[in-house]
Amino acid sequence: SAADAECRKMGSKRRLLLVSNSTLHGSGYLDHCEAQIKSFLGSQVKTVLFVPYALHDRDDYAKTARTKYESMGYKLDSIHEQPDPVAAVKAAEAVFIGGGNTFRLLKTLYDNNIVSEIRKRALEDGMPYIGSSAGTNVATISISTTNDMPIVQPPTFEAIGLVPFNINPHFMDPDPNSTHKGETREQRIKQFHEEADTPPVLGLREGGILHVEGDTATLKGTTKARLFLRGKEPTEHEQGTDFSFLLDPKNYQLDVKL
């Protein structure tokens, strides 16, 4: 796709912090990744543009995010309070897209014509991008491996395309004691890979973070990740794993025969 080609061409400037979840059990909003956010944004960024589109009550969501970012020393502007969303993205020092419903989020990004603008700013200008949960889903090549219900219909599942693979946030391992008979997360991802030309899926457990600097991708946070490649058995990866090979689609063949 065009996003895929642009992602490869412009990838050397990208700076992404892709977080599995905003709240970890036993802690407050973004507490578990606060140190990574501060280190990622540094002192150069003064104001973060927040995108609250994944939740219905945008005012309340912006208030929660603003309180947290101000406590870390950053001003926060919410895009829904700006008169022109495209102009807001063009002027942004950094963007934070929060979690909620991925379908609602992606549809609203397209409705406001900011998908290509965020892609351009992140890939060409190196604007720092922070995503959490649904905000991580939309940073990838598509939202096909979200966990959310399709409560609205975006024009396409293709997303911002800052990386050429998929992520499954909140990845959950099956509970051996559960009597639940629905598919496990792993089975659902394998169903995705039964379709032709489907890219890798990185299962980010809660507490997991993928940090991308240019052509380097590193697993950070507190939990292991599970990587799914089409036609191969999934693999477990420790914190600190170098996932840079995922940033170049030439490194994984998409024509595997199953």
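Three bridges join strand β10 (residues 225-228) to strand β11 (residues 235-237) in the predicted model, and the two run antiparallel. Strands are DSSP runs of E of at least two residues, helices are runs of H or I of at least four, and both are numbered from the N terminus; two strands pair if DSSP finds at least two bridges between them. His237 in β11 is the bridge partner of Ala225. Six residues lie between the strands of this hairpin, where Gly231 takes a positive phi near 80 degrees. Strand β7 (residues 201-204) is also antiparallel to β10, with four bridges, and Leu204 stands opposite Ala225. Both faces of β10 are covered, with Ala225 and Leu227 buried on one side and Arg226 and Phe228 buried on the other (buried: under 20% relative accessible area, 1.4 Å probe, protein chains only).

The structure holds five aromatic pairs (rings of Phe, Tyr and Trp, the last by its six-membered ring, with centres within 6.5 Å; planes under 30 degrees apart count as stacked, over 60 as edge-to-face, the rest as tilted). Phe50 and Tyr61 form an edge-to-face pair, at 5.0 Å centre to centre and 90 degrees between the planes. Phe50 lies in strand β2 (residues 47-51) and Tyr61 in helix α3 (residues 58-71), so the pair ties together parts eleven residues apart in sequence. Phe50 and Phe96 are stacked, at 5.4 Å and 25 degrees. Ring pairs link Phe50, Tyr61, Tyr69 and Phe96 into a cluster.

Residues are numbered from 1 along each chain as its sequence is written. Local features need pLDDT of at least 70, side-chain atom pairs count only at pLDDT 80 or more, and totals for chains, interfaces and linings use all residues, while side-chain values use heavy atoms, without hydrogens and water.

Methods: Buried < 20%, exposed > 50% of the residue type's maximum accessible area, 1.4 Å probe, protein only.
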